Amino acid sequence: MNAIETTELSKLYAPGVGLAPLNLSVAAGEIFGFIGPNGAGKTTAIRTLMGFLRPTGGRGRVLGHDVWSERVAVHRRVGYLPGEVQLGRDHSARELMGRSCRLRGGASAEYGLDVARRLELRLDARLGTLSKGNRQKVGLTLALMHRPELLVLDEPTDGLDPLVQDTVLGLLREAQGEGRTVFLSSHVLSEIERVAGRVGIIRRGELIRVEGIEALKASLPQQVTLQFARPPSIDLTALNGMSGGVADGLSFRGQWRGGPDPLIRALAGESLTALSLTPSTLEDAFMDEYRSEPAHLETAHVA
Ligand SMILES: Nc1ncnc2c1ncn2[C@@H]1O[C@H](COP(=O)(O)OP(=O)(O)OP(=O)(O)O)[C@@H](O)[C@H]1O
């Protein structure tokens, strides 16, 4: 059984605004990254999956439960981190953790305390006195502490410093190592790249691409930079495999698709002094998708 399965699941606030019919499967045990620019619909999708928003169409199942009619079961079984962590100002993290354990019939706080220690969370501080990043740590600890079989995390590293971000990614890898599933949204593409096996790109409410990270990267051109001692005798922009080429005096920059061999052969007779080929990152892929505006999306309505 997939951890998440949706069929034409939609949530429209108004015609063309919100989440377009979404067809998505997230397998048990995978880390799935959900990325998209501001306002793309990530939070709407996550809140619909969690049963906090009533779908306007389609169906969704999370751990086998209907996202709307069985949302209580979804809430009980999923470790959820909302985009904006809202917690009572007068309580401490320790109190919230205790309450969460009592609600689970006396569940152990041991792992939660371990998570809190690794995140360097101040357990006894009043939440109202904590910074945004520290409140985020409380939200993460609460989401992770019962080792739920599915974690649904909306921007989990938002507001955290790089060292704590690393710790969080480590915790997510650990969860996966234990066979658990992680669905996370992020703007921070480099972090998705570090933990996720697959990524879904959402834009204007539509899931426009779902791909394995490695396949996504392999489908990208490499950035090529060339330096010459004398002006090249061939038109580099016309090479089969080159795109977006820009010459600047004796330098040239462009994007190269394919292996290095044909490029090196094409340059054999030139006075090449330097060549670099840099693999594209997920950031490049994302920017590529973001820039390319296929006609069907231009006219599409998320209805
Ligand atoms: N309660 C609401 N009522 C009406 N429109 C909304 C509501 N919430 C979100 N929207 C709109 O739905 C679209 C998707 O918003 P959403 O918050 O899901 O995007 P997001 O990808 O999570 O963005 P961000 O990365 O900025 O948090 C946006 O156009 C937003 O303005």
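**Entry: Glu-8**

I looked up Glu-8 and found it in strand E1. Helices here are DSSP runs of H or I with at least four residues, strands are runs of E with at least two, and both are numbered from the N terminus. Glu-8 has a positive phi of about 55°, although it is not a glycine. I note that this is a predicted model, in which local features need pLDDT of at least 70, side-chain atom pairs count only at pLDDT 80 or more, and totals for chains, interfaces and linings use all residues. Residues are numbered from 1 along each chain as its sequence is written.

The cut-offs: buried means 20 or more other C-beta atoms within 10 Å of a residue's own, exposed means 12 or fewer, and partly exposed is in between, with C-beta atoms placed from the backbone.

I then checked Glu-120, which also has a positive phi of about 55° and is not a glycine. Glu-120 sits in the loop between helix H4 (110–118) and helix H5 (132–144). Glu-120 is exposed, because 12 other C-beta atoms lie within 10 Å.

**Entry: the sheet around E1**

I followed E1 into its sheet. Four strands form an open sheet in the order E2-E1-E4-E5, with antiparallel pairing. Two strands pair if DSSP finds at least two bridges between them. The edges are E2 and strand E5 (65–66), each pairing on one side only. E1 and strand E4 (residues 57–62) run antiparallel and are joined by 5 bridges. Ile-4 has Val-62 in E4 as its bridge partner.

Which residue did I check in the segment before strand E1 (4–14)? I checked Ala-3. Ala-3 is buried, because 24 other C-beta atoms lie within 10 Å. Beyond its neighbours within four places in sequence, Ala-3 is in contact with Val-26, Ala-27, Ala-28, Leu-63, Leu-150 and Thr-181. Contact means C-beta atoms, placed from the backbone, within 7 Å.

**Entry: the cores**

I looked for the largest nonpolar core. A nonpolar core is a set of buried Ala, Val, Leu, Ile, Met, Phe, Trp, Tyr and Cys residues joined through C-beta atoms within 7 Å. The largest has 61 residues, and Val-62, Ala-143, Leu-151, Val-152, Val-182 and Phe-183 touch the most other members. A second, separate core of 8 residues includes Leu-236, Phe-252, Trp-256 and Leu-263. In soluble globular proteins, nonpolar side chains tend to be buried together.

I went back to Val-62. Leaving aside neighbours within four places in sequence, Val-62 is in contact with Ile-4, Leu-49, Val-67, Val-74, Val-78 and Leu-150.

Next came strand E7 (residues 150–154), where 5 of 5 residues are buried. Leu-150, Val-152 and Asp-154 are on one side, and Leu-151 and Leu-153 on the other. Strand E6 (residues 78–81) pairs with E7 in the parallel sense over 4 bridges. Tyr-80 stands opposite Val-152 in E7. E7 also pairs with strand E8 (residues 181–186) in the parallel sense, over 5 bridges. Leu-153 stands opposite Leu-184 in E8.

**Entry: the ligand**

Which residues surround the ligand? I listed Tyr-13, Val-17, Gly-18, Gly-36, Asn-38, Gly-39, Ala-40, Gly-41, Lys-42, Thr-43, Thr-44 and Gly-83. A residue counts as near if its C-beta atom, placed from the backbone, lies within 6 Å. By class, this shell has 3 nonpolar, 8 polar and 1 charged residues. Ala, Val, Leu, Ile, Met, Phe, Trp, Tyr, Cys and Pro count as nonpolar, Asp, Glu, Lys and Arg as charged, and the others, Gly among them, as polar.

Strand E2 (17–26) and helix H1 (42–49) each supply at least two shell residues. H1 gives the most, with 3. I checked the cover of H1: 6 of its 8 residues are buried. They are Lys-42, Thr-44, Ala-45, Ile-46, Thr-48 and Leu-49. Just after H1, Gly-51 takes a positive phi of about 75°.

**Entry: the whole chain**

The protein chain has 11 helices and 14 strands. Of its 303 residues, 35% count as buried. The chain is divided into domain 1 (4–215) and domain 2 (221–278), with bounds from an automatic or database domain assignment. The C-alpha centres of the two domains lie 44 Å apart.

Terms used
Contact = placed C-beta atoms within 7 Å.
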